[in-house]
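Please look over the chain shown below, with attention to its sheet, its ring pairs and its charged side chains. The briefing that follows takes these topics in turn.

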Amino acid sequence: MQAKEDEVYHLMDLKEWFSVLIGLGSFLEGIALYFFIFRIRAWDLAYLCVALALSIIFLLQQTAGISRRIMESEYCYMELEPDSLAVCQPEKNGRYESCRIFYPEIDKIVEGSRRGIPEFYVVLRETDQERESFFLLDDEEQKRNIFCVRSFGFDHEDFIHFYRKLRWNVPGRVRIIGTKNQEVRNLRKPNTGMCLLAALFLGYVVPKLLEVMKLF
């Protein structure tokens, strides 16, 4: 299963929209700063400058993250073969991690517990014998027993279907942990943008209310 082209196109459209907002915000920030520095020293104008600056920083961070995801998604894939699981996914700093895990060497599969993020961990059995399974970070082999398979670049439903098919393929002795108790992957992720918007709103409204209360 390759990363979805639709997901990549959606990211590209989102990046373009954020770029437009950054340009508009920068233009308004320049005007607001000019009036605050040379014309009017008012609380409302100072607040507007701060709010615009924070919004631009947030959008720049989001745009940088989207650019990174677009580049990384090209190489993502997950594959179920009759005897093994193969995955390639981005790790950090432009590096990729990949694995080939053979089903008989799996001890347990643990569902992730992060809100709104479908993922699962594959844990290998402890053994003194040489394994067929292997983990790579770029081309460097890693000595570990756990691999986290993330849903980056894949449709939510397709990823869940892939996960369920994997559970069907593994031997019956493999423990599946979290299936009945963890539904956090179906919850919505915290919306950072809405939290920032609420903070900016309260940062303006609360001082205004306090100012009005002093008049009575």
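How many of the 6 residues of E5 are buried? Strand E5 is mostly covered, with 5 of its 6 residues buried, where buried means under 20% relative accessible area, exposed means over 50%, and partly exposed lies in between (1.4 Å probe, protein chains only). This is a predicted model, in which local features need pLDDT of at least 70 and side-chain atom pairs count only at pLDDT 80 or more, while totals for chains, interfaces and linings use all residues. Residues are numbered from 1 along each chain as its sequence is written, and side-chain values use heavy atoms, with hydrogens and water left out. Helices (H or I, at least four residues) and strands (E, at least two) are DSSP runs numbered from the N terminus.

- An open sheet of 4 strands runs in the order E8-E5-E4-E9 with mixed pairing, two strands being paired if DSSP finds at least two bridges between them.
- The edges are formed by strand E8 (146–150) and strand E9 (175–177), each of which pairs on one side only.
- Neighbouring strands of this sheet are turned by 20° against each other on average, direction ignored; axes are lines fitted to C-alpha atoms, for helices over the stretch in contact, and angles run from 0 to 180 degrees between N-to-C directions.
- Strand E4 (residues 106–111) pairs with E9 in the parallel sense over 3 bridges, and Lys108 stands opposite Arg175 in E9.
- Helix H3 packs on the sheet and touches E4, E5, E8 and E9, its direction making about 25° with that of E5; contact here means heavy atoms within 4.5 Å.
- E4 and E5 run antiparallel and are joined by 5 bridges, with Val122 in E5 as the bridge partner of Ile109.
- E5 and E8 also run antiparallel, joined by 5 bridges, and here Phe120 stands opposite Val149 in E8.

**Aromatic rings**

- The structure holds 5 aromatic pairs, counted when ring centres of Phe, Tyr or Trp (its six-membered ring) lie within 6.5 Å, with planes under 30 degrees apart called stacked, over 60 edge-to-face and the rest tilted.
- One of these joins Tyr34 and Phe38, whose ring centres are 5.4 Å apart with planes at 45°, so the pair is tilted.
- Both of these residues lie in helix H1 (residues 5–38), 4 residues apart, which is about one turn of the helix; Tyr34 is partly exposed at 38% relative accessibility, whereas Phe38 is exposed at 60%.
- The rings of Phe120 and Phe159 have centres 5.8 Å apart and planes at 35°, so this pair too is tilted.
- Because Phe120 lies in strand E5 (residues 119–124) and Phe159 in helix H3 (residues 156–169), the pair ties together parts that are 39 residues apart in sequence, and both residues are buried.

**Salt bridges**

- The count comes to 5 salt bridges, each defined as a side-chain nitrogen of Lys or Arg within 4 Å of a carboxyl oxygen of Asp or Glu.
- Glu97 and Arg144 meet in a salt bridge at 3.2 Å, N to O, which links Glu97 in strand E3 with Arg144 in the loop between strand E7 (140–142) and E8, 47 residues apart.
- Glu97 is buried, with a relative accessible area of 7%, whereas Arg144 is partly exposed at 28%.
- Asp107 and Arg175 form a salt bridge at 2.9 Å, N to O; since Asp107 lies in strand E4 and Arg175 in strand E9, the pair ties together parts 68 residues apart in sequence.
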